[in-house]
Amino acid sequence: MALDMRSFGILRFGTFEVDLRAGELRKQGKRIRLQEQPFQVLTVLLQHPGQVVTREELRNQNWPPDTFVDFDNSLNTAINKLREALGDSADNPRFIETLPRRGYRFLVPVTSPDREASASVGTALARGVKRWKVVAPIAVVLVSAVVGGLFWRSRQARRLTDKDTVVLADFVNSTADPVFDGTLREGLSVQLEQSPFLRLVSEEGIQQTLQMMGQPTNVRLTPQIAREVCQRTNSTAVLHGSIALIGNRYNLILKAVNCVSGDLLASTEAQANDKSGVLDALSKAASGIRTKLGESLSTVQKYNIPLEQATTPSLEALQAFSLGGRVDFPASIPFFQRAIQLDPDFAMAYDQLGGAYGSIGETVLDAENTRKAFELRGRTSALEKLAIEGDYYRGVTGNLLNAQRSYALGEQVYPREPAFRGGLGTIYMALGQHESALKEHQAVLRLLPYDSVAYRFVAYTYLLLGLVEDAAATAREARAKGLDSAMGPTAYLIAFYRNDADEMARQVVAADKTGHEDLLLALDADTAAYFGHPGRARELSRQAANSAKRAGESEVSTTYEIVAALREGLFGNTDKAREQTRAAAPPFRAGDPYYGFALALAYAGNANGVQRLVEDFNKRFPEDTTAQFIYLPTLRAKLALLDSNPQQALDDLELAGPYELGAPALGFYNWPNLYPVYVRGEAYLAAHKGREAASEFQRILDHRGIVLNEPIGVLAHLQLGRACAMQGDTTKARAAYNDFLTLWKEADPDIPILKQAKAEYAMLP
């Protein structure tokens with residue numbers, strides 16, 4: 001029979017708390033409105049965590065036989081309201097899983113502070129069911145087992161499964177040597193992450209949970225605090241360690257503890273004769289705990305690079321690396337630089353430093369450090385080696401197909417490592433395979449449910465697919481969890497798609513608080529241009545470039561200047577375009593600004609300049625997938641159009657076909673999207689093939705989530721009007737021209753392409 005849940009008073013799961021006596025659901029102390037029927041359904045599900053509760057059981061407990069209602073509809077409504085209160089989803093359930101034609105299952109552990117200091121409800125339920133049904137002989141055997149220690153040993157020997165997660169606590173350092181503080185935990189993390197079996201709770205997840213607990217995010221993870229984090233993240237075990245100096249020898253002990261019961265699951269220890277041997281001792285202890293927690297000996301032996309080889313033999317360098325891992329990427333740069341100064345062969349530090357530079361758009365510095373990491377990848381674990389190879393092929397050579405192979409292999413060996421799935425997601429985005437990208441980014445979010453960047457990728461990919469309401473829902477979920485710090489630019493683009501000017505303005509005003517001031521100003525410049533205000537766009541682009549310069553992001557600043565020049569050329573302001581391209585002259589060492597600069601020259605009519613850049617571009621980026629299959633075909637097509645050869649332009653663009661719906665630029669700035677499609681439309685117009693041209697410009701309009709606020713997004717309306725007029729379809733031509741002129745009804749009056757559009761519209765029959 002079911003346990004009387006009222007005897008518990010309070011139940012907890014995840015960040016939620018249920019007060020059974022008061023009939024209230026709370027999240028982080030705040031009451032959530034929930035009607036009686038959904039609440040009663042929740043109490044039944046909480047009695048059986050992890051078990052299937054049939055619809056018939058729910059009917060019997062919550063809908064008496066003499067109740068005349070549409071039960072199926074009432075239950076479905078109750079489940080929907082319950083999911084809404086929990087922020088859950090039927091398609092991607094975190095709490096309540098639907099089993100078609102069977103019932104429902106509550107997916108996460110449930111605990112109660114009222115019974116045996118956080119005892120499991122499932123355990124208590126089992127005790128309540130069996131307490132008075134156990135026959136005397138069995139009871140005697142059970143008591144004897146407990147007295148004899150058999151029960152303790154069986155609990156102690158319990159092994160983890162590949163579904164369990166582990167929280168890593170800080171080491172207790174009784175040596176008085178501060179070099180071990182944070183360093184040993186980082187080293188142990190590196191060792192355990194080699195395992196395809198164990199799964200650690202991410203640092204982002206730990207920090208978010210600490211905030212929910214009212215603790216500072218930099219608090220020491222003592223065994224007590226780590227155990228509470230473990231419970232709140234629905235994890236299984238806490239792994240904590242200690243180091244002590246006994247005479248001249250260092251003694252390291254690792255213990256894994258069940259975070260609900262406090263039972264010891266496994267322990268191991270190792271010794272070092274002196275300080276230089278501590279990292280080697282930690283490696284041995286980590287190998288021992290992996291085996292005792294249930295990992296097979298074969299994978300322990302296969303994926304077990306010694307710590308000194310996987311990281312660094314320098315404790316001081318590892319400590320600096322550890323400090324870099326505790327802060328956001330831009331702030332981590334000096335720590336990774338310090339780690340490299342202490343050990344110039346520290347491959348992981350180079351890789352992380354490259355990632356930190358990449359996060360702020362400094363692709364050249366990203367490539368330099370990632371290249372160095374690639375050269376030193378023999379000094380890393382198998383996991384890190386695959387990650388570095390993927391990063392190198394993607395960010396240095398640009399060979400996305402090689403990168404895809406490395407990430408796919410990494411995902412196969414380490415299915416719960418988010419770096420490989422995230423890497424695949426970005427590659428699929430660049431190649432225009434957005435459905436595949438979404439699956440990978442959603443998988444990352446399931447692995448890192450407290451990661452703001454993971455939310456950003458999911459929301460942005462929804463936007464690329466044109467699923468703006470899903471994108472907005474993802475952004476709202478991130479905001480509700482306090483994880484929207486990285487969401488500003490994506491929230492701005494969602495607002496643009498939804499024509500929400502107030503929300504766009506709010507994001508720009510908040511830009512200086514989120515660390516995305518330059519990108520939001522650049523996006524606002526694009527929006528001003530989209531609605532026909534190039535004067536305002538120039539000023540915003542100038543502000544964006546200056547903001548990036550102040551932040552030390554010279555390459556990003558140059559990109560904003562180049563995009564501004566490209567806009568001028570597209571709008572027919574060729575003199576301004578030439579002036580601005582002279583101000584942002586090459587050489588460039590990264591592909592994106594190279595492409596933008598060459599496009600700006602092309603739309604300014606400088607064929608000779610484009611030809612020189614194309615030749616140099618091809619030599620500099622021979623393996624780069626984006627350069628060879630998107631950027632160079634588009635530039636060659638523009639050259640052909642400048643030479644009045646539209647057929648050659650169409651031939652050149654054939655290479656871009658499979659990838660032209662991609663989002664090729666690294667980062668979240670959408671400026672290069674869909675140019676192959678736009679230029680193909682121009683080529684068809686030049687060839688007097690109106691039907692084919694209309695098809696290309698309509699494709700741009702049909703992919704609003706990809707083109708967003710780019711100038712070619714608004715110009716596609718005008719070009720569609722021209723293509724329809726060329727076919728003799730006056731009705732469609734008028735509609736398209738009218739769409740363009742409506743968007744530019746308050747535009748600056750002196751824009752050359754606007755004057756042309758008005759004249760063409762007036763001449764339509």
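1. Crossing of α28 and α29. Helix α28 (residues 554-570) and helix α29 (residues 574-583) cross left-handed; a crossing is left-handed if the near helix is turned anticlockwise from the far one by less than a right angle, and right-handed if clockwise. The model is predicted: local features need pLDDT of at least 70, side-chain atom pairs count only at pLDDT 80 or more, and totals for chains, interfaces and linings use all residues. Residues are numbered from 1 along each chain as its sequence is written, and side-chain values use heavy atoms, with hydrogens and water left out. Helices (H or I, at least four residues) and strands (E, at least two) are DSSP runs, numbered from the N terminus.

2. Geometry of that pair. The axes of α28 and α29 come within 7 Å and cross at roughly 160°. Axes are lines fitted to C-alpha atoms, for helices over the stretch in contact, and angles run from 0 to 180 degrees between N-to-C directions. α28 is therefore roughly antiparallel to α29. Angles under 35 degrees count as roughly parallel, over 145 as roughly antiparallel, 65 to 115 as roughly perpendicular and the rest as oblique.

3. Contact residues of α28 and α29. From α28 come Glu-561, Ala-564, Ala-565, Glu-568 and Gly-569; from α29 come Thr-574, Lys-576, Ala-577, Gln-580 and Thr-581. Contact means heavy atoms within 4.5 Å. The classes are three nonpolar, four polar and three charged residues. Here Ala, Val, Leu, Ile, Met, Phe, Trp, Tyr, Cys and Pro count as nonpolar, Asp, Glu, Lys and Arg as charged, and the others, Gly among them, as polar.

4. Helix α13 (residues 315-324) and helix α14 (residues 329-342) have axes that come within 8 Å and cross at roughly 165°. α13 and α14 are therefore roughly antiparallel. α13 passes α14 in a left-handed crossing. On α13 the contact uses Glu-316, Ala-317, Ala-320, Phe-321, Leu-323 and Gly-324; on α14 it uses Ser-332, Phe-335, Phe-336, Arg-338, Ala-339 and Leu-342. Eight of these residues are nonpolar, two polar and two charged.

5. Ser-332. This residue belongs to α14. Ser-332 is buried, at a relative accessible area of 0%. Buried means under 20% relative accessible area, exposed over 50%, partly exposed in between (1.4 Å probe, protein chains only). Leaving out residues up to four places away in sequence, Ser-332 touches Gly-324, Val-327 and Ala-356. Ser-332 and Glu-477 are 145 residues apart along the chain, with 27 Å between their C-alpha atoms.

6. Helix α23. In α23 (residues 488-497), 10 of the 10 residues are buried, so the helix is largely enclosed by the rest of the structure. The cover includes α21 (452-464), α22 (468-480), α24 (501-509), α26 (517-530) and α36 (704-707). Among the buried residues are Tyr-492, Phe-496 and Tyr-497.

7. Most residues other than glycine have a negative phi. Asn-499 is not a glycine, yet has a positive phi of about 55°. Asn-499 sits in the loop between α23 and α24. Asn-499 is exposed, with a relative accessible area of 61%. Leu-708 is not a glycine either, and its positive phi is about 50°. Leu-708 lies in the loop between α36 and α37 (711-727). At 3% relative accessibility, Leu-708 is buried.

8. Three-stranded sheet. The strand order is β5-β7-β6 in an open sheet with antiparallel pairing. Two strands pair if DSSP finds at least two bridges between them. β5 (52-54) and β6 (96-99) are the edges, each with a single partner strand, so one side of each has no neighbour in the sheet. From one strand to the next the twist averages 30°. Three bridges link β5 to β7 (residues 103-106). Val-52 has Arg-105 of β7 as its bridge partner.

9. Helices on the sheet. Helix α1 (residues 36-46) lies across β5, β6 and β7, at about 65° to β7. α2 lies across β5 and β7, at about 65° to β5. Glu-56 is in α2 (residues 55-62). Glu-56 is partly exposed, at 45% relative accessibility.

10. Hairpin of β13 and β14. Strand β13 (residues 249-258) runs antiparallel to strand β14 (residues 264-272), joined by eight bridges. Asn-251 stands opposite Gln-271. The hairpin has five residues between the strands, and Gly-262 takes a positive phi near 85°.
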